[in-house]
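This report describes a protein from its sequence and its 3D structure, both shown here. It begins with a single residue and then turns to cores and strands.

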Amino acid sequence: MDSRLISVDRWAQGSQVYFLTHLHADHTKGLSSTWARGPLFCSRLTAKLFPFKFPDLDLSLLRILDIGRWHSLSLVSHSGSETTFQVMAIDADHCPGSVMLLFRGEFGCMLYTGDFRWEATSERAKKGRDMLLSALKDDVVDTLYLDNTYCNPSYDFPSRQLAAQQVIDIIVSNPEHDIIIGIDTLGKEDLLLQISSVLKIKIWVWPERLQTMHLLGFRDNFTTNSTLTRVRAVPRYSFSIDTLEGLNTSHPTIGIMPSGLPWVRRPVEQNGDIFGSFLRNRYKRGKCSAQGEIQTLERIHQYMYSVPYSDHSNFAEIEDFVKLVQPTNLKGIVSSSSCYVEPIYYFGRLCGANQSTSQLRNRHKRKGSDEMVGTVCPDASYGDNNFVGSERKRGKTLKVKFSGVRLSRLSILRRKNHRGAKIVENNSDDQNS
Ligand SMILES: [Zn+2]
């Protein structure tokens, strides 16, 4: 195997260039302040945020990818000859600085989404769509590496704007309560800004988070002075039902957990086999009651609400994206999702891949319970199967263009809680493809 590689969200030794889609922990596992394995390409905003996460990292290693512009890079091949490839960063609308990466070179055309939200109503996603289509022109994506976090038809949550309004409604309907909202060290800024601007209040954040907010340009909406506001955003894992019960002994307090995961697991039996488990969808996107109330929020405890505010795409959005890209091959970048099944299972009809849904279903059934694949929603609708052929005009172009010149492939890591891929200059070792 050639040691000269291109790695995306993967930090092991042996690559010549490294790419980071965004700064969430599951994409930086293996990266540390002492990391020095080569140039590291990321968006300008991610580079700006780097010192917060990795204070001692040698910043001279960072290389900026301007969004929407092709960058040409050179690699020295195993034989010593120089080869070039191009890469473009496209806004992933996931968290500050997050990008998808579109590669093209001798290895073909590959799109790595990182984590992304593909909301039809989002201006940023619309810009991303235009950027992607204009970058692709008549090219076809050989392999789409897809954020499949919620790649299951059960995941049918609303837009972030709608979910944010639900959070606001909870706050307004509990005027005597303190409110705490669980967030990560990066992401959900738009939710907090919407709350702040609609309710005309500041939101408390912890000191490091305030620094991040200031760096992102949000100077007026946040404070570390808890006497100025009843709404606090706290680290997601720092509060629990126990914490809330403790807080309620001194002051009425409501907790809100924004997440795309308001689901219940339960085992499913099909034809005598335990076919996996499926996630019972308690909420339907945008469904309204007779009173106009959106039925997507749940009080999971006397003091705790779960609101389906997600920075990942829901199933319908993922499907829209795959329809738009029409890749030849499709692979998920998440192998630890609670309902993981290879995305090709659902979207094979939209791709040029040779794996049929039934083949995949059989394969999943054969896998043991210790495998990370195999949880399938048995009542899923697979839609119209007439897609292949009729809507894959660009796929035909690909076959002509790349026939016989494919030199590389991407291999996906299947380690739990770790995402990433590397492009390998190798056309003989296929055990991971
Ligand atoms: Zn992320």
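## Trp 35 and its surroundings

Leaving aside residues up to four places away in sequence, Trp 35 touches Trp 11 and Leu 57. A contact here means that the C-beta atoms of two residues, placed from the backbone, lie within 7 Å. The model is a predicted one: local features need pLDDT of at least 70, side-chain atom pairs count only at pLDDT 80 or more, and totals for chains, interfaces and linings use all residues. Residues are numbered from 1 along each chain as its sequence is written.

Trp 35 sits in the loop that runs between strand 2 (15-19) and strand 3 (40-43). Helices (H or I, at least four residues) and strands (E, at least two) are DSSP runs, numbered from the N terminus. Trp 35 counts as partly exposed because it has 17 C-beta neighbours inside 10 Å. On this scale a residue is buried if 20 or more other C-beta atoms lie within 10 Å of its own, exposed if 12 or fewer, and partly exposed in between, with C-beta atoms placed from the backbone. From C-alpha to C-alpha, Trp 35 and Leu 61 are 9.5 Å apart in space, and they are 26 residues apart in sequence.

## Overall content

The protein has ten helices and 21 strands. Of its 433 residues, 41% count as buried. Among contacts with a separation of 6 or more, 65% come from residues 24 or more positions apart.

## Nonpolar cores

In soluble globular proteins, nonpolar side chains tend to be buried together. A nonpolar core is a set of buried Ala, Val, Leu, Ile, Met, Phe, Trp, Tyr and Cys residues joined through C-beta atoms within 7 Å. The largest one holds 53 residues, of which Met 100, Leu 101, Leu 102 and Leu 111 touch the most other members. Leu 102 touches Val 87, Met 88, Ile 90, Leu 111 and Ala 135, not counting residues up to four places away in sequence. Another core, of 25 residues, lies apart from the largest one and includes Ile 179, Ile 183, Ile 195 and Ala 233.

## The sheet around strand 9

Strand 9 (residues 143-146) is covered on both faces: Thr 143 and Tyr 145 are buried on one side, Leu 144 and Leu 146 on the other. Two strands pair if DSSP finds at least two bridges between them. Strand 9 pairs in the parallel sense with strand 8 (residues 108-112) over three bridges, and with strand 19 (residues 329-332) over four bridges, also in the parallel sense. Tyr 145 stands opposite Tyr 112 and opposite Lys 331 in strand 19, while Thr 143 stands opposite Asn 329.

These strands belong to an open sheet of six strands in the order 5-6-7-8-9-19, with mixed pairing. Strand 5 (71-76) and strand 19 stand at the edges with a single partner strand each, so one side of each has no neighbour in the sheet. Helix 2 packs on the sheet and touches strand 6 (82-91) and strand 7 (99-105).

## Strand 14 and its partners

How many of the six residues of strand 14 (residues 253-258) are buried? Five are, and the strand is mostly covered. Strand 14 pairs in the parallel sense with strand 10 (residues 178-183) over four bridges, and Thr 253 is the bridge partner of Asp 178. With strand 18 (residues 304-307), strand 14 also pairs in the parallel sense over four bridges; there Ser 306 is the bridge partner of Met 257.

Definitions and conventions: Axes are lines fitted to C-alpha atoms, for helices over the stretch in contact, and angles run from 0 to 180 degrees between N-to-C directions.
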